[in-house]
Amino acid sequence: MNMRYACSGSLRIEPHPSAVGICQICENEVKAYCGEINKWHWRHNKLPDCDSFHEPMTEWHKSWQNQFPEDWREVVLVRNNEKHFADILTFHNLVIEFQHSSISSKKILERELFYNCMIWVVDAIGFKKNLKIKDLFQDHLDELKKKYNKTVLYNEISNVIDIEISLLKSELLYLENQLFRYPKALNRKRKVLATDEKILQGLDEYLTNEAFVTWTKNGRILYRYSENLDMNEVEIRNQIIDLQQAIGSNTNQINQINVELKDKGKELKEKLVLHKNEIQEKIRYQKQSLQEIYVGVKSIFLKGLSDLIEKEKSEIQKIELDLPKINKEIISKNLAIEQININKLNRISDFLAEKSLGFKKEMQIIKEKYGNVFSYEWKRERRSWKSASKPIFLDLGDEYLYEIKSVNLLKRISKTHFVIHYSNE
């Protein structure tokens with residue numbers, strides 16, 4: 001059993017050539033071995049090891065022990081008449097056990113039961129190549145940097161501004177088209193209004209010389225008035241044609257009777273005159289019916305045309321009022337586009353500054369959550385360590401220790417902070 005310290009009187013001493021000391025546990029004599037190859041150490045002289053827990057002293061052990069006060073190193077603990085060395089026993093009775101070689105689950109359990117308040121520091125340099133460690137903070141930071149990539153953000157705000165300008169230009173084009181169309185529409189509506197007002201003023205002439213004539217010729221005059229005149233045009237047309245045809249037929253009969261009256265005798269003339277009178281009565285009734293249709297159509301036109309004229313006047317007035325508004329909107333849209341272009345660089349700068357603050361805030365959040373946290377995979381894992389119930393810190397040979405927090409998470413701490421923390425623990 002290799003030991004770093006032996007007793008010499010009331011002092012604890014390290015080995016030096018030809019030195020002899022007393023073992024701190026069994027109180028038997030130990031001899032200093034100070035060769036050129038092996039590390040200097042104390043060893044029992046022809047006696048078995050008295051501490052079943054003790055491991056051979058290595059330079060790695062010694063280097064770690066040197067980080068703590070000398071009186072904390074290789075301290076003998078006595079519990080239930082059992083004695084064992086503690087690699088480090090802190091001021092607050094915390095044992096730090098430095099484990100260089102492989103160890104069985106049984107021995108891990110024995111030591112944890114004996115020391116109770118303890119932590120493990122394991123020399124993992126030998127199996128470091130079997131550990132695949134990934135920095136979770138760096139992974140999240142890389143994703144955050146992609147999210148806040150300056151080029152991407154610049155393009156994002158530039159696209160937003162370009163879309164705003166594009167929408168304004170679309171609205172501007174629509175307004176300019178309106179401004180181009182409205183004068184033509186205004187002239188067209190004014191002409192239509194003048195025509196309708198003229199028709200309304202000379203409605204009798206229009207109905208007699210145009211409407212009724214058009215109905216009997218091609219059957220349709222309401223191509224523009226259909227929404228304003230509430231009447232069945234086909235039915236009225238058929239009635240007019242039927243009455244006009246009946247009047248024409250009856251008139252022909254009267255003309256024929258007038259011809260026959262010249263050559264007939266008195267008695268026969270009297271019969272023809274009676275028949276003629278009957279036909280004339282029919283014609284009078286038919287003309288009266290035609291007049292009633294005329295009066296009905298006239299009343300419909302009076303109402304419908306009056307409403308249409310008011311509607312047209314309202315539309316003309318709206319266009320006349322809208323034209324200056326459109327001009328004003330065009331000026332406003334052009335000014336808005338100009339202002340956006342003027343403010344574009346400032347907006348981009350403010351946006352990037354805002355995103356920079358967002359990046360810092362999110363980075364702080366992930367730093368608090370994932371700072372010094374690593375995921376890991378352990379090939380050919382030393383399964384005996386799964387049985388450990390006390391904290392385990394892996395020493396990979398750099399300036400950090402990695403505490404095993406779960407089956408796939410490590411928490412990193414600098415060796416300096418580790419020593420400071422557990423020196424005060």
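The model is predicted, and local features were taken at pLDDT of at least 70 and side-chain atom pairs at pLDDT 80 or more, whereas totals for chains, interfaces and linings use all residues. Residues are numbered from 1 along each chain as its sequence is written, and side-chain values use heavy atoms, with hydrogens and water left out.

Helices (H or I, at least four residues) and strands (E, at least two) are DSSP runs numbered from the N terminus. Strands count as paired where DSSP finds at least two bridges between them. Strand β4 (residues 29-33) is joined to β3 (residues 20-22) by three bridges in an antiparallel arrangement, with V20 opposite K31 of β4. Six residues lie between the strands of this β3 and β4 hairpin, where E27 adopts a positive phi near 65°. Strand β5 (residues 41-44) is also antiparallel to β4, through four bridges, and W42 of β5 is the bridge partner of A32. The covered face of β4 carries V30 and A32, and the uncovered face carries E29, K31 and Y33.

Helix α1 (residues 59-65) includes Q65. Q65 counts as buried because its relative accessibility is 0%; buried denotes under 20% relative accessible area, exposed over 50% and partly exposed in between (1.4 Å probe, protein chains only). Residues up to four places away in sequence aside, Q65 contacts R4, M57, R73, E74, D87, I88 and F98, contact being heavy atoms within 4.5 Å.

A nonpolar core is a set of buried Ala, Val, Leu, Ile, Met, Phe, Trp, Tyr and Cys residues joined through side-chain atoms within 4.5 Å. The largest such core comprises 31 residues, and I161, I319 and I366 have the most contacts inside it. Helices α3 (136-147), α4 (150-201) and α7 (266-370) each contribute at least two residues to this core, and α7 gives the most, with 14 residues. Beyond its neighbours within four places in sequence, I366 is in contact with F137, H140, L141, L144 and G371. Another core, of 29 residues, lies apart from the largest one and has F212, Y225, L272 and I283 among its members.

The axes of α4 and α7 are 8 Å apart, and the helices pack at an angle of about 165°. The two helices, α4 and α7, are therefore roughly antiparallel (over 145 degrees; under 35 is roughly parallel, 65 to 115 roughly perpendicular and the rest oblique). Residue S299 is located in helix α7 and is partly exposed, with a relative accessible area of 41%. From C-alpha to C-alpha, S299 and H16 are 136 Å apart in space, and 283 residues apart in sequence.

Definitions and conventions: Axes are lines fitted to C-alpha atoms, for helices over the stretch in contact, and angles run from 0 to 180 degrees between N-to-C directions.
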